[in-house]
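Here is a short briefing on one protein model. Please look over the sequence and the structure first.

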Amino acid sequence: MFYDVVYYISLTVFFAGVLWRIRSWFTRRVGDVAHEQTTFGRVTGVAKSVVFTLFSKQIVYVIREFFVNVMMQYKILRENTARWIMHMLVFAGFLLLFFLHVIDDTYSHPWIDGYFSTLNPWLFLRNIGAFMVLAGLGIAVYRRLTIQGLRKLTYAMDRYAIAILAIIIVSGVLLEASKIVSHRTFEEMAQTYAHPDIRIADWEDDPELEALMAYWQENYGVVFPERIEPDSEKLEWGAEVNDAFACSMCHSRPQAAFLSYGTSRAVSPVANAMTNAGAETFFWYVHFLASFIGLAYLPFSKFFHIFSTPIRLLAKVKTGSAPGSLPANIATLRAMELDACMHCANCSLRCSVGPIFETIPNQAILPSEKIGDLKHMVLNQSLPTEELLRIAEGAWICTSCHRCTDVCPAGINLQDLWFSIREELARRGYPEPYVQAMKKALAEAGPDADLPLIPHSPHGKEMKEGLLLSEQASTFTNCYNCMTCTNVCPVVACYDKPSRELGFLPNQIMHALGFGFRDQVLSSRMLWDCVTCYACQEACPQNVRVTDVLYELRNVAYQDVRLEMNDMAAKTTGEGPQTKECPMDSRRT
Amino acid sequence: MKYAFFAGCKIPYYVPQYEIATRMVFSALDIGLTDVEFNCCGYPVRNLDFYSYLYSAARNLALAEKSASGLVTPCKCCYGSLRHAAYMLSERTDLKDRINSQLAPLELKYTGTLEIRHILQVLFHDVGLEAIKARVKNPLDAPRVAVHYGCHALRPSRITDFDDPDNPTIFDRLVEATGAVSVKWPMRLDCCGNPLWQKNDRLSRFLASKKITSALDAGAEYICVSCTYCQIQFDQVQQAMLEAGDIETPLPSILYPQLLGLSMGFSSKRLGLDTHHLNASSVALPRKKEEDVRSVSESA
């Protein structure tokens with residue numbers, strides 16, 4: 001009764017969760033293309049695509065993809081052999097357990113001739129399955145702990161995934177082991193199949209029972225409250241009784257269940273205490289509850305990838321001018337891709353700009369985390385400013401090199417998702433950080449920017465002394481305003497009235513720096529329209545590092561954006577200002 | 001010398017023909033290349049955070065030091081960025097120590113022994129003009145080419161040490177070795193405008209259009225580049241500019257290894273010339289003799 005209630009509840013939650021996830025594939029809007037599509041259009045788009053694929057030669061590619069990448073997981077093998085072994089062990093072991101064990105009563109029993117869970121080879125295969133999953137989990141834990149970078153990217157959801165599988169398998173092994181040693185189970189079986197009045201406590205009065213018990217003690221690993229002295233006569237008789245009551249027809253010797261049998265031998269000294277304390281019941285509850293929790297939570301955990309990733313892989317097959325390339329289907333694919341990620345973090349380990357995470361501790365830089373940010377952003381139309389600034393920083397530090405897409409074992413077009421992040425950010429008014437820094441600097445100059453006379457900026461001296469990279473602070477003071485830098489600047493040469501368009505020109509910036517005019521310098525368009533061609537620096541007769549100084553000034557302006565972002569985040573979380581988060585400060589200490 | 005090949009972020013996806021052509025030419029000239037999985041050179045993040053740039057660059061240099069004595073890149077922005085980082089790390093031991101301590105968990109260390117080269121330097125200095133000319137089996141029929149030097153290799157010269165910053169010649173001489181004619185044009189040392197792409201697109205295009213006009217006025221038929229970003233600017237962006245009517249006459253862009261490859265006898269298809277946005281394949285064709293041109297115009 002309890003079992004059935006929990007079973008149906010978890011099954012209901014599971015199916016509701018799956019439906020909810022699938023629904024989101026048609027409703028989530030990722031990027032500009034999705035905002036032009038209706039849910040109805042997306043559903044019919046997929047239907048068209050599926051029909052087209054089924055009745056064209058595309059089906060050949062889909063079948064090929066199924067074997068190569070879903071079953072054999074070539075994309076994982078291509079990336080890393082250890083990871084492939086790990087994943088194949090869990091995948092194949094789990095499939096074996098699923099078909100031979102999880103659904104055995106309902107499905108395997110009628111299908112497989114002579115199937116009996118307590119007979120070989122099923123007894124043995126079940127342990128093989130468990131062993132494979134455990135070995136795979138072992139490799140997974142080892143990789144997560146030892147691989148630089150991967151360890152940092154292991155979160156609760158990854159730990160949960162490993163833990164729930166481990167609990168299910170280990171509790172299953174313990175349940176089987178506690179059944180092997182259980183004299184209580186022996187007694188119940190004897191009562192059911194031999195005689196309802198049998199009590200193992202009466203063994204001394206019943207030589208036939210004694211023989212059977214001796215036989216099971218020696219051959220099946222049962223641990224009785226009192227050890228029975230086996231002799232060859234008793235054992236021979238016991239073997240006959242074993243056959244006579246048909247015990248042997250349903251029970252292979254448990255040695256084949258090598259994991260459980262090994263465990264049962266290890267616990268045999270305390271086996272009686274365990275049996276008396278109800279270990280079987282306990283492990284039964286743990287095993288079934290863990291399994292049901294795993295089932296109910298599956299659509300909400302990263303295990304959902306067992307459905308979403310194969311679907312994504314199969315949907316990836318190029319359909320050329322076919323309905324697969326319809327804008328509606330692109331919108332659906334993108335939404336589905338958000339679910340197909342299993343957070344293996346391979347993209348982050350291979351990311352071209354991944355190392356920048358070491359110097360700017362913003363997880364949005366890393367593709368494996370960025371996909372979560374995108375999901376977060378798609379689900380929440382109103383995110384706080386600091387959150388959007390953080391996501392924007394990550395979205396634009398990306399160099400669009402497409403490597404993440406190339407290495408993703410789930411076949412997710414990650415690069416395309418990053419373009420859609422930029423579209424989403426632009427939709428909410430968050431441009432790339434460079435432009436963000438420029439806008440902030442221009443806005444902060446305020447009305448003063450138009451004044452012909454420049455008020456002395458209070459933080460000028462501090463900033464001047466802060467320009468440390470290369471020998472910069474000591475070089476711009478050498479400027480004697482000869483204007484060579486401005487005269488060779490190709491940007492200045494683009495305008496008839498450059499001062500009006502660009503604010504301070506290069507020579508004026510260098511000169512103003514000497515006075516420490518921070519805001520005026522940062523709010524000059526010139527600073528932001530610099531092409532970094534180094535013509536000015538090359539031509540300067542005073543060896544002023546003009547271009548390098550301009551670079552560093554942009555750093556200073558961007559640092560303002562980051563500090564503001566950190567301050568806002570600190571206010572939201574109620575913690576103090578996290579200046580440490582800003583690496584541009586710490587590098588000077 | 002054996003070089004680690006630094007393709008940079010943009011080549012594999014946006015300009016794959018550049019890498020293909022470079023490898024073809026290098027392999028024909030027996031220049032050994034090693035493949036290392038590098039990260040971004042740091043150039044794009046330099047506007048935001050110098051230290052992040054320096055760390056990214058240094059990580060690459062340390063990776064390269066592990067497997068080769070030199071690093072060669074076809075991209076001038078990567079070249080400038082890596083050279084600048086190497087310079088900074090030699091000047092500033094505090095930064096070098098800090099970066100090395102951050103690289104230590106990765107079992108990486110930058111010592112400063114690495115030779116950082118651009119492909120043109122390797123061709124000019126390691127192989128040499130004479131050896132290149134000896135391999136030119138199929139000299140081009142004097143197409144008029146505007147050589148675009150590229151800022152980040154040329155300047156700041158005391159760091160990049162590429163060529164004379166005021167009067168550079170190696171690129172012109174390499175181009176002429178293929179049979180092409182390097183035209184004299186006033187804006188050859190100016191910026192292509194790409195660094196401002198997505199920051200100020202209007203200005204970025206305007207700078208490119210000035211250069212294109214200048215080269216066309218000097219009689220150029222093609223522009224020859226040897227930088228990933230310059231190629232993107234003069235190919236992809238130029239096409240967009242033509243479509244938008246910013247400029248009227250196209251100036252197809254060709255990558256130097258393609259030009260050299262053609263003169264060494266590789267087909268324009270293998271060199272990826274047909275993959276450009278603006279078709280530059282005609283550079284390989286024999287030119288019409290002046291009489292033919294006259295007869296065509298007369299008959300018309």
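Predicted model: local features only at pLDDT ≥ 70, side-chain atom pairs only at ≥ 80, totals over all residues.

Residues are numbered from 1 along each chain as its sequence is written, while chains are lettered from A and ligands numbered from 1 in the order in which they are written.

**Domains**
- Chain A is assigned domain 1 (179-284), domain 2 (345-430) and domain 3 (439-586); the bounds come from an automatic or database domain assignment.
- Eight residues of domain 2 of chain A and seven residues of domain 3 of chain A form the contact (C-beta atoms, placed from the backbone, within 7 Å).

**Helix pair**
- Helix H21 (residues 385-397) of chain A packs on helix H23 (residues 414-427) of chain A at about 140°, with axes 10 Å apart.
- Helices are DSSP runs (H or I, at least four residues), numbered from the N terminus.
- Axes are lines fitted to C-alpha atoms over the stretch in contact, and angles run from 0 to 180 degrees between N-to-C directions.
- Leu388(A), Ile391(A), Ala392(A) and Ala395(A) of H21(A) meet Trp418(A), Ile421(A), Arg422(A) and Leu425(A) of H23(A).

**Loop residue**
- Tyr115(A) sits in the loop between helix H7 (104-111) and helix H8 (122-146) of chain A.
- Tyr115(A) is partly exposed, with 14 other C-beta atoms within 10 Å (buried is 20 or more, exposed 12 or fewer, with C-beta atoms placed from the backbone).
- The C-alpha atoms of Tyr115(A) and Asp104(A) are 8.7 Å apart.

Key: Contact = placed C-beta atoms within 7 Å. Helix = DSSP H or I, 4+ residues; strand = E, 2+ residues; numbered from the N terminus.
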